[in-house]
Amino acid sequence: MITLQDVQMARNRISPFVRKTPVEYAWSLSERTGGSIYCKMESQQINGSFKLRGAANRMVCLTESEKSKGIITASAGNHSQGVAEVARRMGIDALIIMPENAPDTKVKRTEQLGAAVLRLGRDYDESEKIAHEKQKETGRVYIHAFLDPLVVAGQGTVGLEFLEEIPDLDMLLVPVGGGGLIMGVATAAKALSPGIRVIGIQPETSCPWYEAIHTGSYVQVPIGDSVADGLTGDILDPEMIPDFCSVVDDVVKVSESELRRAVDWMVREQRQIVEGSGAAGIAALLAGKVAAAGKKAGVVISGGNLDHSVLMDILKEWDREYPDRVPAAGRDRWRQSVWSCRSDDALRGRGDGPSSRIRSESA
């Protein structure tokens with residue numbers, strides 16, 4: 001189990017590789033829920049995801065001998081981009097195993113960063129097994145997406161920054177896939193604010209941590225696909241469960257329609273393009289699965305790497321449900337304008353696209 005000191009040391013190590021992402025006040029969501037909702041915009045992190053933090057903290061600790069061997073990992077997309085970015089900057093050869101169902105956007109960006117990518121395995125769990133086999137064959141160093149204390153400490157810097165900026169949060173909502181992000185964030189948050197509640201969010205199609213926290217043990221559940229592709233997969237090490245339960249207060253499930261609605265909400269109400277995984281906390285609030293009335297709630301928006309085709313499908317679904325909100329003649333033009341605002345610079349929080357136009361509470 002990591003400590004606050006581990007997270008603080010991680011922040012110092014990774015500072016050359018990452019940016020401190022903004023915390024934005026969500027006006028419309030606050031009005032809807034009756035609470036004060038703050039979003040930690042890791043969608044504006046370099047490469048569009050928090051994953052860079054953990055990858056950087058692990059890889060800067062590699063020995064010269066390990067660097068010379070090269071590295072390997074398995075990823076559904078965001079971890080692969082983080083690893084590829086750090087490898088590029090450190091001059092390390094990187095091989096990434098990505099599942100066949102990985103979003104094309106994430107595969108393309110990983111390759112653009114210079115990593116070799118092999119699409120093997122039907123899902124993340126199968127890709128990871130293949131990656132471990134190739135690690136044994138090649139002698140490369142394996143950089144795990146979450147089963148590594150250095151990676152978890154790196155992810156925990158999200159919580160450290162969040163609580164330093166908004167120290168009196170009553171609760172934190174964090175997406176849960178493998179568990180590394182929420183365990184790191186919760187460790188930092190509870191060390192700084194012992195009374196804070198940390199709530200994990202999982203898709204209904206893949207919710208092993210929901211079962212684990214409610215039973216206190218590993219329960220085998222079906223693992224299906226989700227628009228929140230970064231949150232799918234089984235619990236790889238059941239020995240993590242006691243540590244998880246010691247820092248996480250609850251886990252709630254959200255449906256696919258609730259996740260898609262949350263992605264749509266972030267575009268239309270907050271002018272933010274957020275991937276399904278990143279919208280998990282928003283989905284829980286919109287669906288009333290986490291009560292925020294009278295509370296100050298923080299939501300970790302874990303990433304913004306969403307395929308164009310998926311975004312367009314979600315926006316079209318919204319058009320069918322609420323046909324009067326956008327005039328028919330202007331719908332296609334409106335959809336394309338949303339995406340065109342999202343240049344590479346805007347993706348990384350550098351431009352004047354949607355990511356930089358949210359109103360802050362102090363504005």
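I began with burial: of the 363 residues of the protein chain, 59% count as buried (under 20% relative accessible area, with a 1.4 Å probe and protein chains only). I noted that this is a predicted model, in which local features need pLDDT of at least 70 and side-chain atom pairs count only at pLDDT 80 or more, while totals for chains, interfaces and linings use all residues. Residues are numbered from 1 along each chain as its sequence is written, and side-chain values use heavy atoms, with hydrogens and water left out.

For secondary structure I found 16 helices and ten strands, taken as DSSP runs (H or I of at least four residues for helices, E of at least two for strands) numbered from the N terminus.

I then looked up helix 1 (residues 4–14) and helix 8 (residues 149–165), which pack with their axes 8 Å apart and at an angle of about 90 degrees; the axes are lines fitted to C-alpha atoms over the stretch in contact, and angles run from 0 to 180 degrees between N-to-C directions. The two helices are therefore roughly perpendicular, a term that covers 65 to 115 degrees.

Last, I checked Gln44, which sits in the loop between strand 2 (36–41) and helix 3 (51–59) and is buried, with a relative accessible area of 6%. Gln44 lies 6.3 Å from Thr21, C-alpha to C-alpha, although the two are 23 residues apart in sequence.

Terms used
Parallel < 35°, antiparallel > 145°, perpendicular 65-115°, else oblique. Buried < 20%, exposed > 50% of the residue type's maximum accessible area, 1.4 Å probe, protein only.
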